[in-house]
Amino acid sequence: MTGWTAPVPSAHEVAAKVNRTDRRRFAAVWAQALMGTSYVPMTSAEVEGRLHGYTDRLVDALVGEPFDASPARAVGADLIGVHFTSSESLARTVELIGDEMLDVLRIGDDPMWRKRVAALQAALCSGFVQAARKRTLDEQEAIRQAVLDARDAVELALRTSEARFRAIFSEAAIGIGIADIEGRILEVNASLARILGRSSDDIRRMHVPDMVHPADSERIWRLYDELLRGEREQFRVEKQFSRPSGKTVWTELFVSLIRDDEGKPLYQVALIEDVTDRRELQERLRYQAMHDPLTRLPNRALFLDRLESVLKRHDRDDRIALCYMDLDGFKVINDSLGHHVGDQLLVTVAERLAAAVHGDDRLVARMGGDEFVILLQNSTGTEQAVEIAEQVLSVIDEPIRIDGHELTVSASIGIVERNVDGQTAAELMRDADVTLYWAKSDGKGRWAQFDPERNANEVARLRLAASMPAALERDEFYVDYQPLIGLRDSSVVGVEALVRWAHPDLGRLGPDKFIGLAEETGLIVPLGRWVLHMACEQAKRWQDRFGDSAPFVSVNLAVRQSRDPNLVRDVAEILEETGLAPHRLQLELTESTIMSTADEPLDKLRALSRMGVRIAIDDFGTGYSNLAYLRHLPVHELKIAGSFMEGLRDAERADPVDARIVGTLVDLAHTLGLTVTAEGVETQAQARRMAEIGCETGQGYLWAKPGDPETVTDYIFSHLD
């Protein structure tokens, strides 16, 4: 019995139940979290009151229909406006919204609400960062303007201008440095010294080129050269600086050129803001977005991003390999031992994969559920991919102990290895997924390599399956009949109905080409019903023409048909519509189907037997039978599998084992009051031997191949006494 899951409340329902107390409680928790993270010229009560207003805006946005996250962007900007400007203020706010918001709303951990909360977090971060940047730009512009004002007014008010400049220069929170055109650093303020982790005197002994960082892009220094040549007035970039301690600091660098009255470049002024905290926050958010939270492996998004990158940037002869892995039987472990055990199993498997497959040219990612994928760049060939797959299967196969349980799991792997040129991510993933399915269908606990020919056959099968419903509507199917001959008098006792497909492109298709597909797709039920109706109509014609000498018609019943709840009703309706006597219809089921202990299929067969319909077991002797149970089944006939006829083909060299087996089966059937038909009879020796053993009827090419109704009618007529 499956568990009951409470319905997810709608946005209107959530909005209705969130009261003022809930919102005030959230605002109080928020205020407590922010206190001390930034200097704010307000009392704690004032802060809480302000945050209560922000809470209303966030909650209203979260439950609004349609959903719109833009109010959160305004809240992020307002935080800057009331001086909550530190990265810690932002980090605590984002964390609080993620952890507390759904608890306040009392709506549980539903993916839709999680997605909305994540959107509010992103919008708030965006508004915060944009407002912080604007605040910085405004301050930078004020400083720059002060520098220009100081230069322009130097003749008029040198001392006043100098004092003003010194006040701004010294007290500014942003780092400021002044250098000449040759790159000698002339002056720096205390903030710049703090950012670079050096004393002001040390910095003044340096030149601008001494500030090169190994990770600097060529663009930074190209822009700098253009500035010195007077080709640009300013530029803005993100740049790293190395501190003497070895730590790297991320900054936003704004460099302006100062000219004299004649336009000749005199100085360069650099404004430097430390954005390390903001950068680290962005990196954390990006890491969370690109990694699986359970296993810490790269997730589907990062894997596909890496794959696309490889496909875009490669040499003509580069090769690539994918190993797509899925754990065998993981659902059983999850369902029987609990999700916490399943999660720990996935973590252990991920750790083993990461340890076994590592390197700059390799990537292990979790695609979701119990599926993992290995990307191998610069593949040296299929042998390398197979070696990795076998290594992975080996480490996965080792027992895993979790909460007192010793678990042994296996995995199936699909391998795709080919030249990168001309490939797309979608094609590679599709082929890897198909190959993984092959590995599982071939027995699990193994790898399979992509085979273009096998894939083409699979695609052809899928196309054939897809065209079957329309083919049934267009009457492309037809029925042939093969006689069942009495071994004592050579009379036509019955005929077996065999469906065929006159495919418009592929020609005549036997049941071996499409019955399996019909079973897989479920089309076997309507197709089987159609065959039954056609066979009964034809049997009624023979009944009308030959009277008591007319043969019964035997129709194969597939597994899905035997489990169809409408089977008994359908058979009854078809017999009534066609007017065929029930005893002239025989339904054939395979041994494995009819010997099932399931009650429902047997109840249907008993109901059909009570109607007078004959029931036969087809291919008897090829499966495992509970012989004691056989006597309780509603069966009238056994059809012995044609494989037993091979040993009786030659009368002089008959296989005594096959003869003994067939004799035993016939004796068993007669003991149970059943008749016996021998299938696959091709020689007179086989027919005579089966008659001697006591078999009543035979079927095979010795007498007739399956044919159309007219041919079989003539055959029946020719065998009448």
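Colleague: By class, how many nonpolar, polar and charged residues does the lining of the second largest pocket have?

Modeller: This is a predicted model, in which local features need pLDDT of at least 70 and side-chain atom pairs count only at pLDDT 80 or more, while totals for chains, interfaces and linings use all residues. Residues are numbered from 1 along each chain as its sequence is written, and side-chain values use heavy atoms, with hydrogens and water left out. As for the classes, Ala, Val, Leu, Ile, Met, Phe, Trp, Tyr, Cys and Pro count as nonpolar, Asp, Glu, Lys and Arg as charged, and the others, Gly among them, as polar. The lining of the second largest pocket has 13 nonpolar, seven polar and six charged residues.

Colleague: How much space lies in the second largest pocket, and which residues are the closest to its centre?

Modeller: On a 1 Å grid over the protein atoms alone, a pocket is an open set of points with protein on both sides within 12 Å along at least five of seven lines, a cavity is a set where a 1.4 Å probe fits but cannot get out, and lining residues have an atom within 4 Å of a point. Grid points are joined across faces, edges and corners, and a volume is the space filled by probe spheres set on the points. Here the second largest pocket holds about 540 Å³, and of its 26 lining residues E496, I515, N556, L557 and D618 are the closest to the centre.

Colleague: Which element gives the most to the lining of the largest pocket?

Modeller: Elements are DSSP runs numbered from the N terminus, either helices (H or I, at least four residues) or strands (E, at least two). In the largest pocket, with about 660 Å³ of space, α6 gives the most, namely six residues. The lining has 26 residues, with T85, S86, T136, E273 and D274 nearest the centre, and it divides into 11 nonpolar, six polar and nine charged residues.

Colleague: How many cavities of 30 Å³ or more are there, and what lines the largest cavity?

Modeller: The count comes to two. The largest cavity has a volume of about 270 Å³, and its 22 lining residues include V208, M211, L253, A270 and I272, which are the closest to its centre. That lining consists of 19 nonpolar, two polar and one charged residue, and β5 supplies the largest share, four residues.

Colleague: Which residues line the second largest cavity?

Modeller: This cavity, of about 90 Å³, is lined by V525, G528, R529, L532, L557, Q561, D564, L567 and D570. Its largest share, four residues, comes from α19.
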